[in-house]
Amino acid sequence: MHRRPRPSSASAEANRLYVWEDRVVAPRDRSRVPFARLQALVDHVWAAEGLRFPPRVRPLPAQARKTVARATRLAIEAPPELPSWVLLHELAHAMTSTAEGDNDGHGPLFVGLYLRLLVRHARMPEDELARSLRAAGIAFDPGARPAFLDG
């Protein structure tokens, strides 16, 4: 789930990641994707990662005022327009979740997959991103794989 700002009870892990995104990721990618194109982009990234059965994109409920977007293994909820890096963030959540609802939150598995998506699909420099993650004290698994794959 992607929110700004985070409530004070939110985990320090998520807060560190959001600060890092605002400082490092957002300035590198100012593109925005209209809702009508989100499913096609989700399908493309999912297939490019060698996965089948992508999550379905649906509108973010109007009452989710502090939520930018949110994702589970089965669905991504988004507003009428979304920065492409936020969509990649949500895809990393979908990839680190199971249909039963288990997930990695903003842990090392999530950050590792998110890093891979930023490098492969937003063409961001892996070495610089990894270095900045380490400097921010954000753990990531460079060999991360989607949570629902066997082995």
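User: What makes S84 count as buried?

Analyst: The cut-offs do: buried means under 20% relative accessible area, exposed over 50%, and partly exposed in between, using a 1.4 Å probe and protein chains only. S84 comes out at 11%, so S84 counts as buried. Keep in mind that this is a predicted model, where local features need pLDDT of at least 70, side-chain atom pairs count only at pLDDT 80 or more, and totals for chains, interfaces and linings use all residues. Residues are numbered from 1 along each chain as its sequence is written, and side-chain values use heavy atoms, with hydrogens and water left out.

User: Where does S84 lie, and what is S84 in contact with?

Analyst: S84 lies in helix α3. Helices (H or I, at least four residues) and strands (E, at least two) are DSSP runs, numbered from the N terminus. Contact means heavy atoms within 4.5 Å. Leaving aside neighbours within four places in sequence, S84 has contacts with D29, S31, R32 and V33.

User: Why is E77 called buried?

Analyst: E77 has 11% relative accessibility, so E77 counts as buried. Its place is in strand β5.

User: Which side chains make polar contacts with the side chain of E77?

Analyst: Those of R58, at 3.1 Å, and R70, at 2.4 Å. The term needs a pair of N or O atoms within 3.5 Å; within protein, one must be able to donate a hydrogen and the other to accept it, and residues adjacent in sequence count only if both atoms are side-chain atoms. Not counting residues up to four places away in sequence, E77 also touches P59, L60, P61 and A69, among others.

User: How do you know that the length of α2 agrees with its number of residues?

Analyst: The expected span of a helix is 1.5 Å times one less than its number of residues. The 14 residues of α2 should therefore span 20 Å, and its end C-alpha atoms are 20 Å apart, which agrees.

User: What puts the buried residues of α2 on the same side?

Analyst: The buried ones are L38, Q39, V42, V45 and W46. They cover an arc of only 135 degrees around the axis, so they sit on the same side of α2. That arc is taken from the directions from the helix axis to the C-beta atoms. On the other side, A36, R37 and A40 are exposed. The buried residues pack against β2, β3, β5, β6, α3 and α4.

User: What makes a set of residues a nonpolar core?

Analyst: They must be buried Ala, Val, Leu, Ile, Met, Phe, Trp, Tyr and Cys residues joined through side-chain atoms within 4.5 Å. The largest one here has 39 residues, and W20, L91, Y114 and L118 touch the most other members. Its largest share, 8 residues, comes from α3. Beyond four places in sequence, Y114 has W20, W85 and L88 among its contacts.

User: Why are F53 and R123 called exposed?

Analyst: F53 has a relative accessible area of 58%, so F53 is exposed. R123 reaches 76%, so R123 counts as exposed. F53 is in the loop between α2 and β3, and R123 is in the loop between α4 and α5. Phi is positive at F53, about 60 degrees, although F53 is not a glycine.
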